[in-house]
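Biologist: I'd like to go through this one with you and ask how you back up the words you use. Can we start once it's on the screen?

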Amino acid sequence: MSSSSATLTDAGLDAAEIARRVDAVLADPLYWFPVRHHSPTTARHVQSAIAARRPKVIFIEGPFEANDLIPFVTDPATAPPVAIYSSYRDDDNVLGLNGHVSPAADIPARFAVWYPLTPYSPEYVAMKTAATVKADVVFIDLPHYARVERHVPEPQGQQPPREAPSVAPDEDRLITSSGFYKQLAEAAGFKSWNEAWDTLFENPEGTDYEAFRRELATFCAAARATADHAAEHAEGTVERERHFLKVIADTLAARKLKPADAMVVCGGFHLFLDRDDKAPPPPCPEGTVYTTVVPYSYFRISELSGYGAGNRAPQFYQTCYDLTAAGRAGDIAMEHTIAVLRTMRKGGDPLSTADAISVTHHAGMLARLRGRAHPTLDDISDALVTCCCKGNPNEEGRKLRDAMDQAGIGNRIGKVTSKIGRLPIVNDFHAQIADLELGEVLGKEKKMSAKLDKRDPLAARRSAFLHRVSYLKVPFAARSGTGGDFSGTLFREEWHLKWDPRTEPALIEQNLYGDTVESAALNRLREALAEAGSSAGQTCARLLEAVDMDMPDLVSAAEDACGPAVDTDPSFASQATALQYLGRLEQYAAFRGLRRDVIAELLNRCFDRACFALPGAANVPEEEQQGVVDGLIGLAEAVLRDGVRYDRTLFAQAAQNAAAQSTVPFLRGAFLGLLCEIRVIAPGVLAAEVSNLAQASTEVMVTAGDLLDGMLAVSRTSLMLGADALVTAIDDLLKAAEWDPFLVMLPRLRAAIERLSNPQKDALAATVARHYGLDGSTDLRAVTGSLGATALVARLDAAVAATLRNWPL
């Protein structure tokens with residue numbers, strides 16, 4: 001960093017003082033090596049330092065509670081990317097967070113963290129290299145659950161927000177928020193932290209690990225000296241460092257080793273911890289802790305936030321690591337470019353070797369222009385866009401950008417040695433697969449279809465298991481469509497099963513909720529039921545899920561919760577949703593042993609409550625309007641299907657009240673369309689509503705499209721019976737409209753017509769033809785008029801079509 005002294009001065013730092021601090025740390029008999037997670041260059045230098053120094057013990061910034069997993073991480077059968085998974089469940093509420101970060105006081109707070117490792121992560125390379133020099137490895141980081149603050153009761157009536165505290169530190173964020181980094185980034189013109197890091201430290205040709213160690217230590221010293229101390233505290237940095245010091249001191253004492261016999265591999269920010277801090281680290285709370293090592297993927301590493309963040313392109317940096325190790329660092333830009341262009345060619349783009357050469361040459365020029373010794377990922381990406389994008393990078397270049405992401409992220413998936421065994425929930429999953437005779441799908445890339453008739457005991461058990469797995473969002477089973485007749489929806493199901501590399505990691509994530517698939521699903525559903533609160537729709541949805549997953553105890557609890565929710569929920573959309581779920585449950589009742597009388601009573605109460613709530617939905621905001629429309633359709637279908645049970649008059653009166661109160665044209669149209677659909681008003685009344693707008697002011701006239709859109713959203717068949725009157729009304733409206741109002745209302749008018757099915761559109765077109773004196777045999781494809789008029793119509797149609805592509809229907 002040639003301008004480091006100037007930058008230090010600009011950031012308000014004393015360069016001599018920073019140098020003194022760095023010298024003191026680097027002269028410490030305990031050898032500290034600063035790293036950035038997932039940095040291939042750092043990994044190479046760590047490997048060189050270990051090989052040269054041959055320490056007897058290596059302390060690594062890793063989860064202390066997972067020390068017993070180190071042999072499984074370094075086992076020859078383990079191939080990164082993998083992740084150390086650590087979870088904590090507060091069974092006895094020792095943190096006092098139950099009901100604050102969990103949905104209810106009887107539901108324990110849960111926390112989990114993933115610590116991903118790639119083949120070039122400095123920590124992983126340190127562990128592997130330690131084995132070659134016969135050094136022991138010790139993780140020193142404070143367990144994540146020890147960083148969770150205990151709940152302190154607030155004054156009565158003041159409750160903290162129900163949000164789980166973060167337990168995943170982010171050292172990059174501490175650096176990028178420092179005054180030194182901000183000054184450096186501004187002076188150098190860095191657009192991102194990744195660009196800054198790659199420019200300053202990812203030098204594939206560097207071999208002097210001591211020079212790299214000093215350079216990174218200096219950078220981190222300046223960053224820490226100007227860091228946001230409030231953010232440091234929020235990240236739990238001091239508490240973690242106290243744990244570092246304690247573990248290091250205890251280990252050296254227990255093994256009777258001198259500091260010079262040891263080495264510390266940790267984030268560079270921590271090199272400048274307070275060595276005189278004698279305060280103890282926070283204790284670990286009692287509870288259930290699980291740790292394991294699981295396969296991971298580059299895709300997941302690229303998306304992580306928090307602890308594992310910072311690697312924007314795992315496969316690109318893997319290429320850097322591999323080519324540098326092979327002595328081919330100069331080929332990095334070419335190899336990555338070829339990977340991107342290969343992905344493009346798979347999509348049909350005719351990019352050639354000449355393009356790859358052009359991109360590589362351009363990336364080199366960009367790097368030199370930007371003062372870099374070698375092309376970084378930013379230079380290569382900019383060169384790809386410059387040389388291969390024929391248009392706007394955000395439009396025509398979208399496919400290229402997708403290919404760049406795919407090539408940069410990669411699709412590598414790791415594996416873990418079988419010696420580690422399985423967590424209880426994973427064992428249970430495999431045991432049930434065998435017991436349910438579904439084992440043929442495991443470990444294979446082929447799909448398996450399972451057609452189930454739940455009147456068969458084995459099929460019923462399979463159905464419950466697959467519903468539970470699906471509810472837990474474990475990628476293994478997907479159910480086909482659920483439409484059809486009684487036997488096809490109540491008794492018969494079809495599932496598509498396929499083993500996925502993400503299956504076991506997803507199961508492990510659910511280990512927080514139970515040791516078996518059933519208990520995990522039960523606890524997740526209990527949480528969801530508690531979170532539903534007084535929402536009738538969500539509570540009834542949870543009841544249906546409990547039935548599908550064959551959980552009798554929770555079914556009973558959900559049934560009990562549905563009554564109060566139906567009686568108190570003021571939302572029409574929620575009550576209408578509840579009615580649909582309850583109708584489904586009534587069909588299930590005899591087969592599933594439900595209390596049919598209870599469901600029947602709930603249905604009647606829910607319908608009445610929905611009707612009473614309907615006027616309150618007359619003017620809901622736009623984001624809630626589709627829910628109202630869906631609810632109207634659902635209640636109309638119920639009334640038309642069973643007019644004896646459901647009070648058609650009550651529903652109609654509620655809809656008339658809502659229409660009278662509504663100031664939202666779309667919703668008013670929907671309420672009127674509903675009344676037409678249930679035969680309360682004639683189609684001609686709707687046509688008259690549209691026709692009246694032809695006489696209205698311009699501000700009112702332009703709402704015609706919204707009004708018609710609402711009508712057609714709920715009433716199509718009935719409205720089409722009055723198509724002649726509707727066409728006449730629209731014709732009057734268009735004749736009365738000036739050009740500018742016409743352009744305003746046209747997109748929504750067209751959107752309304754697009755709601756019709758093709759046969760309905762054909763019928764409407766025939767009505768339009770008759771309106772203009774054309775019979776059905778007339779060829780309507782010919783457009784008469786001047787060429788200019790025809791061209792104007794074509795342009796207008798194209799403009800409307802373009803507008804509709806982004807129109808919220």
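**Helix contacts and buried residues**

Modeller: Let's begin with a contact: A723, D724, V727, T728 and D731 in α34 meet L764, T767, V768, R770 and H771 in α36. Bear in mind that this is a predicted model.

Biologist: What makes that a contact?

Modeller: Contact means heavy atoms within 4.5 Å, and the residues listed from α34 and α36 meet in that sense. By class, four of the residues are nonpolar, three polar and three charged.

Biologist: How do the two helices, α34 and α36, pack?

Modeller: Helix α34 covers residues 723–736 and α36 covers 758–771; they pack at about 65°, with axes 9 Å apart. The crossing of α34 past α36 is right-handed.

Biologist: Okay, next one. Why is H45 called buried?

Modeller: Buried means under 20% relative accessible area. H45 has 3% relative accessibility, so it counts as buried.

Biologist: Where is H45, and which residues does it touch?

Modeller: H45 belongs to helix α3, residues 40–53. Leaving aside residues up to four places away in sequence, H45 touches F33, G206, T207, D208, Y209 and F212.

Biologist: And what makes you say helix α5 is mostly covered?

Modeller: Count the buried ones: α5 spans residues 122–132, and eight of its eleven residues are buried. Those are P122, E123, Y124, V125, A126, M127, T129 and A130.

Biologist: What follows α5?

Modeller: K134 does, and its phi is positive, near 60°.

How values were computed: Residues numbered from 1 in each chain as written. Predicted model: local features only at pLDDT ≥ 70, side-chain atom pairs only at ≥ 80, totals over all residues. Heavy atoms only, no water. Axes fitted to C-alpha atoms, helices over the stretch in contact; angles between N-to-C directions. Helix = DSSP H or I, 4+ residues; strand = E, 2+ residues; numbered from the N terminus. Left-handed = near helix turned anticlockwise from the far one by under 90°. Nonpolar A, V, L, I, M, F, W, Y, C, P; charged D, E, K, R; others polar. Buried < 20%, exposed > 50% of the residue type's maximum accessible area, 1.4 Å probe, protein only.
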